[in-house]
Amino acid sequence: MDNNQILWVDDEIEYLKPHILFLEEKGYQVDTVNNGAEALEMVAEKPYQLVFLDENMPGMDGLETLQRIKEARQSLPVVMVTKSEEEQIMEEAIGAQISDYLIKPVNPKQVLLTLKKHLDNRRLVSEKTTSNYQQEFRQIAMDLAEVRDVEGWVSLYKRLIYWEMELDKLEDESLNEILHSQKKEANSQFFRFVSHHYEDWFAQPQEAPTMSHTYFKRHIKPEVEKGPLFWIVIDNLRYDQLRTIQPVLEHYFVVEQEDAFFSILPTATQYARNALFAGLMPAEIKKRFPDKWVGEEEEEGKNNYEQDFLQDQLKRSGLGQLSLGYEKVTRHDYGKKLVDNLSNLQQNDLNVVVYNFVDMLSHAKTDMKVIRELADGDKAYRSLTLSWFQNAPLLDLLRQLAEKQIPVVLTTDHGTINVGDPTKVVGDRSLNTNLRYKTGRGLSYSPKDVMEVKNPEKVHLPKQNINSLYLFAKEDLFFAYPNNFNHYVKYYRNTYQHGGISLEEMIIPSVKLRPR
C-alpha cells in the first residue's frame, strides 16, 4: 500500500494501542504523539496522508492544533476524534475544514472505514466508475441504434455528458477516448436525424420540440404571469457547462424544473437569439421588421434590436402591459453596475439579462494563444467556465436575487462544438464567414458533409437572393476554403464554433431556479 503514513494525536494515546496494531496489520504506518506541539513538528517532517486528532487535549487543544496544521498543510485531511457532540465545537471544527469526525469511543472498523473513505476513495471511485461505464457503454451503444425521437436524443445526450464529466475525474485517458468515439458516433446519427426531420418540424409544428422561437411561449410566459421574473440568457452555454456551474447555483437556488430545447438552425447568435426574443423565425422577423433584420452581407451588428423584438412578442402574447427591463452584459464593470442597480430593476415585471462572456471565451480560444492553451479541450473549457462563473458579477446578481426571493429562469441561445476536421467550400465574395454554416449561391461543396437547404422558405430562413441556399456542417466539421487551405485548417482546428448541426450546438438547457 502506497502513501499509507498516518499520524494519530491523542493525550491518552497508550489506550489506543489495539487500534494502532489493527491498522498496522492492515498495512498502514502509524506514528503517535500525545500533544499538539509534537504533532506540528511531525507534520513538518513527514508526508502524512491523514491525521487523527483528539479534540480535547491539555495545552494546545484539538481546535488550535487543527488550525496550525491547516496553516502548514492546507490539503492534509484531518479527522477530529471527540467525546463531545456539542454543536459549537463541531461547527468550529467543520469551519476549520476537518475532513471527518469520530465520536469516542471509536472502534477499529470505524477507523478503517474512515481511512478508506479518505485515502482509498479515489482508487475505489475510479474502479467503480470504470466498471459502471463499461456496462453503460454497451447500453448506450444499443440505445443509440434505437433512438428515434427528440426525447430519446435529449436523454442520450444527457447520459453522454454525465459520463464525460465522470470520466474527467479519472486518470485513465483510454476511457475518455472510448467515450469520445461513442459521442462522435452519436453526433453522426443525430445529424441524420435532424436532416430527416428538421423541415417536418415546420410543416407539422405540433410534432416539433420546443425551439428557439417557441421557447418564450412555453417557458417564460407561464412564469412571468405568476409574478416578477428574471430571465438570464448566457450566450453560447452548453449543457455540460450548465452541469459544471450547477453545484454553485444550488447553494442559493433549488432547480425546480430542468428542460432541454432545440436551437434553430443556424445555431448562431444572429438567428437563434433573435428568434428566442422575437418568438418568430428569422424569415418572419425580416418580414415584420424589414428595417431591423440585418443581412449576412451587412456590416451592422446583427443583434441590436433584441429588446424591440421581445417587446413586440410581449404585446402579441397579451403581456404588453408588463414593465420590461433588458440588459446586455459584455464587460465585467457593466456587470458590477447591474448588480448595484438591482433595487431599480426589481420594479420591473420581467428583467432579461444577456451575458456574453461564454461566447467571448469561445471566440478568444480562436484568436488568443493563451486561451487556446488554457482551453485545450472540453474538460478545460468547462473548468474555465466554472472559474469565470465563480468570479463573475453574474453570481453576485444571482445571490442577491435568491436573498430577495426572486425566481430566475436561466438558459442560452445555442451551444458550441470543438471542431476537428475541415470540409472544403467554394463561393463568391458575398459568402458569409461563419465556419459551421454557409449561405449564398453558386456554392461548391461536398454534399456528404452537410445538410443542404435549397428552399430556405421551408425552414423559415431569409434569402440573400433568389438562388440562395444554406449549408449546415455535420458533426465536428468546419468549412475551409481551398486557398491557403493548410494554414486555414491549422488555425481553426480545435477551436469552438457554432452554426451547424451537433448535439452540443442544438440541444440546449433551460432551468427554472427557485430561491432557497
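1. Three strands make an open sheet in the order S13-S16-S15, with antiparallel pairing; two strands are said to pair if DSSP finds at least two bridges between them, and the strands (E, at least two residues) and helices (H or I, at least four) are DSSP runs numbered from the N terminus. Strand S13 (437-440) and strand S15 (450-453) stand at the edges with a single partner strand each, so one side of each has no neighbour in the sheet. From one strand to the next, the twist averages 15°.

2. Please keep in mind that this is a predicted model, in which local features need pLDDT of at least 70 and side-chain atom pairs count only at pLDDT 80 or more, while totals for chains, interfaces and linings use all residues. Residues are numbered from 1 along each chain as its sequence is written, and side-chain values use heavy atoms, with hydrogens and water left out.

3. Within the antiparallel sheet, S15 pairs with strand S16 (residues 469-473) over 4 bridges, and Val 450 has Ala 473 in S16 as its bridge partner. Helix H8 (residues 173-203) packs on this sheet and touches S15 and S16, its direction making about 10° with that of S15; contact here means heavy atoms within 4.5 Å, and angles run from 0 to 180 degrees between N-to-C directions, with axes being lines fitted to C-alpha atoms, for helices over the stretch in contact.

4. A second open sheet has 5 strands in the order S2-S1-S3-S4-S5, and its pairing is parallel. Strand S2 (29-33) and strand S5 (100-103) are the edge strands, each pairing on one side only, and the twist averages 20° from one strand to the next. Strand S1 (residues 5-9) and strand S3 (residues 50-54) pair in the parallel sense over 4 bridges, with Trp 8 standing opposite Phe 52 in S3. Helix H5 (residues 108-119) packs on this sheet, touching S1, S3, S4 and S5, and its direction makes about 140° with that of S3.

5. How do helix H2 (residues 36-45) and helix H3 (residues 62-72) cross, and at roughly what angle? Their axes come within 10 Å and cross at roughly 15°, and H2 and H3 are therefore roughly parallel to each other, given that angles under 35 degrees count as roughly parallel, over 145 as roughly antiparallel, 65 to 115 as roughly perpendicular and the rest as oblique. In this contact Gly 36, Ala 39, Leu 40 and Val 43 of H2 meet Thr 65, Arg 68 and Ile 69 of H3.

6. Helix H1 (residues 17-25) and H5 pack at an angle of about 45° with their axes 10 Å apart, and they are therefore oblique to each other. His 19, Phe 22 and Leu 23 in H1 meet residues of H5, including Val 111, Leu 112 and Leu 115.

7. A search of the whole structure finds 29 aromatic pairs, where rings of Phe, Tyr and Trp (its six-membered ring) pair if their centres lie within 6.5 Å, and planes under 30 degrees apart count as stacked, over 60 as edge-to-face and the rest as tilted. The rings of Trp 201 and Phe 262 have centres 5.4 Å apart and planes at 85°, so this pair is edge-to-face. Because Trp 201 lies in helix H8 and Phe 262 in strand S7 (residues 253-262), the pair ties together parts that are 61 residues apart in sequence.
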